[in-house]
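I am opening my notebook and writing down what I look up, one entry at a time.

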Amino acid sequence: MGSILHVLLPGRAKLATTEGFADWLARGSHLPAAVPGYLAALAEHFRWPRGPLPAAALIRQSVAGDAGTSLWLSADPAWVQPELNGARLLACGNLGLSVADADSLVAALAETFEAEGMELRVGDAQHWQLRLPAYVEVPSFPEPEDALGADLFEHLPKGEEGRRWRALINEAQVVLHNHPVNRARVAQGLPPVNSVWLWGPGALPEWVETGLTRIYSDDLLEWALAHRAGVDIQPRAALAAKGARDIAVEAAPTVGLLDLQDVQPSGFAHEWWPLIEARLLAGTEIRLAFADGTRTVLHKRHRLRFWRKA
């Protein structure tokens, strides 16, 4: 079997006008649509024993090594924009916090969560985790990608089951509102960390399996999955630094994954598409997974389908 490269991309419409890429898309083989979303795409490549992906426990184990058998819940720093009739989630994680600022914010929030028997910890500066008591029933929380840009209150757990969690989030927002870290961030023109987003509950799975042999990604969850599965993972820059000529031919067949879920059209056109096309022309099968659920397979021989136009 030859090499295969899976590529995770944003919605197809965002990249479809890229010169050269659009022609290959028209000539490729289109597969049945999959479930939209980043986590759904990851689930096509990784397997674990049961249930939804326990993102918090996996990340905790990867960055701190102390997940154990505890129940964990991601409580990532978030930016919420108040509006006339509610509030909108504008960012979650990756807010450019320093370790010192993250530690300061988490220390301020500690009492709020400890009152409910929970312990808030910094995983890395951009991702925090709650260790929960075993008796806690955790409602369904949407992943950040599903809640970003949406009305915050539409995505909070409803009814009596969600009352405790809505109150916790509200109390956290009160604590964060006037925190010195946020005053300094606003003065610097940076978005405040004025809330937390809860998602990805569960305990560390006994195992994670994958058919991938190599991953290039800057996403912490993918690093956590790769660590648990024992597969080689490197930052995207490691692939970009090789250049098209160096990556066109590999010593042995691989099944790789390149995560470009957050790529911008200009970056894709000038940096990433030339590298992907080089592999394609060298005989690697390219499998594209777009965030909108579109799936397309590209082979070198598809260049002969000249009658298919973009």
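My entries below go from the whole chain to single residues.

**Ground rules**

I note that this is a predicted model, where local features need pLDDT of at least 70, side-chain atom pairs count only at pLDDT 80 or more, and totals for chains, interfaces and linings use all residues. Residues are numbered from 1 along each chain as its sequence is written, and side-chain values use heavy atoms, with hydrogens and water left out.

**Entry: the whole chain**

I looked up the secondary structure and found 13 helices and 14 strands in the protein chain. These are DSSP runs numbered from the N terminus, with helices (H or I) of at least four residues and strands (E) of at least two.

Next I looked up the extent of the chain. Its C-alpha atoms fill a box of roughly 65 × 45 × 35 Å along the principal axes.

How much of the chain counts as buried? I found 49% of the 310 residues. Buried means under 20% relative accessible area, exposed means over 50%, and partly exposed is in between, using a 1.4 Å probe and protein chains only.

The accessible surface comes to about 14,600 Å², and 53% of it belongs to carbon and sulfur atoms. The areas come from the Shrake-Rupley method with a 1.4 Å probe; for residues, only the protein chains shown count as cover.

I also checked contacts, meaning heavy atoms within 4.5 Å. Among those between residues at least 6 apart in sequence, 70% join residues at least 24 apart.

I followed helix α5 (residues 99–114) to helix α8 (residues 159–177): their axes come within 10 Å and cross at roughly 140°. Axes here are lines fitted to C-alpha atoms, for helices over the stretch in contact, and angles run from 0 to 180 degrees between N-to-C directions.

Which residues make the contact? On α5 I listed Leu105, Ala108, Leu109, Thr112 and Phe113, and on α8 Leu168, Glu171, Ala172, Val175 and Leu176. Sorted by class, they are eight nonpolar, one polar and one charged. Here Ala, Val, Leu, Ile, Met, Phe, Trp, Tyr, Cys and Pro count as nonpolar, Asp, Glu, Lys and Arg as charged, and the others, Gly among them, as polar.

**Entry: Leu176**

I stayed on α8 for Leu176. Leu176 has 0% relative accessibility, so it counts as buried. Beyond its neighbours within four places in sequence, Leu176 contacts Leu105, Leu109, Asn182, Val193, Asn194 and Ser195. Leu176 and Ser195 are 19 residues apart in sequence, with 6.9 Å between their C-alpha atoms.

**Entry: one loop, two residues**

Asn94 sits in the loop between β5 (86–92) and α5, and I found Leu97 in the loop between β5 and α5 as well. Are they buried or exposed? Asn94 is exposed at 59% relative accessible area, whereas Leu97 is buried at 5%.

I also marked that Asn94 has a positive phi of about 55° although it is not a glycine. Leaving aside neighbours within four places in sequence, Leu97 has contacts that include Pro77, Leu105, Trp128 and Val193.

Trp199 lies in strand β8 (residues 195–202) and is buried at 7% relative accessible area. Not counting residues up to four places away in sequence, Trp199 touches, among others, Leu39, Leu73, Phe141, Pro142 and Leu221. Its C-alpha atom is 9.6 Å from that of Pro139, 60 residues apart along the chain.

Ala289 is in strand β13 (residues 285–290) and is buried too, at 8%. Leaving aside neighbours within four places in sequence, I found Ala289 in contact with Val7, Leu8, Leu9, Thr294 and Arg295.
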